[in-house]
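Biologist: Hi! Could you walk me through this one while I have it open?

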Amino acid sequence: MNQDFTVTPWDVSGTIDYKKLIEDFGTEPIDGELLDRWKRLTGDDLPMALQRKVFFSHRDLKWLLDRYEAGEKFVLYTGRGPSGHTHLGHLMPWMFTKYLQDKFDAPLYFQMTDDEKFLFKQDLSMKEAMSYTYENALDVIALGFDPKKTKIFSDLEYSKTLYRIAMEVAKRVTFSTARAVFGFDNSTNIGMIFITSFQSAPAFLPSVEAGKNIPVLIPQAIDQDPHFRVTRDIAPKLGYYKPAAIHCTFLPSLSGSDKMSASKPESTIYTVDDLKVARKKVLSAFTGGRVSVEEQKKLGGTPSVCAIFQYYYYLFEMDQEKLDQREQKCVRGEIMCGECKQELADRVVKFLEKHQEKREAARDKVQDFIVSDYSAVYDKLKRPQDKKEVAKLMKTMKEYCSVKEGEQISVRKSKEFK
Ligand code: TYM
């Protein structure tokens with residue numbers, strides 16, 4: 001891999017050369033021909049995420065569309081590693097997944113790899129990871145997915161269903177492959193070595209459930225591709241279709257470099273951010289401006305390195321003409337950074353305000369989305385134990401399973417798509 005950047009599921013840093021990444025990872029670029037076909041198939045304008053090449057790479061998308069045109073519907077599969085609150089970067093692949101669900105009338109399997117995050121983050125307890133599963137699920141639901149066509153599951157809560165498939169995968173992945181793909185070394189805990197097997201399982205679950213091969217499409221940012229390279233290698237050995245994938249680039253952090261990431265909270269906008277805090281973060285962002293207003297008027301700014309411009313590009317200016325005008329005005333020194341920041345801050349705050357409302361409303365809908373087949377937490381709640389501990393667990397899980405202390409706890413076992 002290029003010396004200047006790193007892209008793995010657990011570390012994204014440096015200035016990413018996406019063209020190089022396509023070569024390194026061996027994926028395919030989304031080219032004009034594919035976009036034309038997409039347009040014909042959907043009978044609609046391309047979404048901005050495709051027009052602007054935010055989704056830029058794929059695996060077997062042409063094959064998936066062939067199957068679709070031959071009458072085989074596909075299932076969508078995506079996910080989240082719940083180690084903290086959701087940020088705007090996470091929303092990008094999920095918003096696109098929502099578009100795909102609507103356009104192709106596709107069911108969605110949404111995996112919360114709370115097991116992965118528990119294993120990966122030394123200071124994250126299992127309970128915390130599970131409570132973030134719940135918190136992050138609210139963000140997913142807030143995006144408007146169809147409850148009749150969407151299952152959200154936590155690995156820790158759906159392990160009975162996933163385990164057998166994960167075992168089939170694990171049996172066929174050697175340590176040497178895991179080490180080569182992920183760079184594991186002697187200090188890696190053994191749980192992490194197994195985790196790709198669990199992330200592979202939902203790619204085969206639709207086929208297991210249907211008793212026949214079902215095509216699956218996995219929208220994701222490109223950092224997740226190493227997992228699915230392994231999944232795809234294994235698929236034919238298990239008699240399944242290889243899952244197709246569509247990859248997006250990373251929403252950068254507000255500091256202008258690297259991806260938006262939980263490791264840099266001051267330059268990351270979380271969906272739960274207080275609106276004033278979010279505004280402040282935008283106003284403190286790195287821009288492509290000059291040292292003085294005079295100089296900027298004379299020489300113009302540099303949108304290509306400006307975090308603020310990137311935010312318009314990725315999420316907050318969907319009108320191409322207006323985006324082009326903003327870029328031109330900047331380059332010609334006709335608009336100053338302060339103005340651009342203020343406008344973006346207003347848009348971000350408006351977005352968050354609406355999202356937070358929908359997020360709150362999602363608390364009443366969680367049960368319609370989450371599927372579970374096992375629960376240590378529920379079990380624990382049933383056993384008499386330390387009252388404080390029970391109260392703490394109840395607080396975390398109250399809305400999640402909507403039970404009251406002492407009540408019979410029922411967990412939805414499975415869910416049939418209508
Ligand atoms: P996680 O929680 O790291 O990220 C969730 C999803 O968000 C993408 N992503 C981003 N996209 C754009 N800009 C960013 N700055 C940014 N940061 C993260 C990730 O690529 C991912 O699509 N192990 C996974 C969870 C998972 C999963 C999946 C993801 C399980 N099954 C299937 C994709 C597809 C994880 O920890 O994702």
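Predicted model: local features only at pLDDT ≥ 70, side-chain atom pairs only at ≥ 80, totals over all residues.

Biologist: Great. How many residues surround the ligand, and which are the closest?
Modeller: The ligand has 27 residues around it, the closest being R80, G81, E116, Q199 and D223. Being near means that a heavy atom of the residue lies within 4 Å.

Biologist: What does the side chain of E116 do there?
Modeller: One of its N or O atoms is 2.7 Å from a ligand nitrogen atom, and a polar contact is a pair of N or O atoms within 3.5 Å. A backbone N or O atom of L251 also lies 2.9 Å from a nitrogen atom of the ligand.

Biologist: And how much of the ligand does the protein bury?
Modeller: Taken alone, the ligand exposes 680 Å², and the protein buries 99% of that (Shrake-Rupley method, 1.4 Å probe).

Biologist: Switching topic: why is strand β4 largely enclosed?
Modeller: Five of the five residues of β4 (residues 55-59) are buried, so the rest of the structure largely encloses this strand. Buried means under 20% relative accessible area with a 1.4 Å probe, protein chains only, and strands are DSSP runs of E with at least two residues.

Biologist: Which residue of β9 stands opposite F55?
Modeller: That's C248. β4 and β9 (residues 244-248) pair antiparallel over four bridges; pairing takes at least two DSSP bridges.

How values were computed
Residues numbered from 1 in each chain as written. Heavy atoms only, no water. Buried < 20%, exposed > 50% of the residue type's maximum accessible area, 1.4 Å probe, protein only. Polar contact = N/O pair within 3.5 Å; in protein donor to acceptor, adjacent residues only side chain to side chain.
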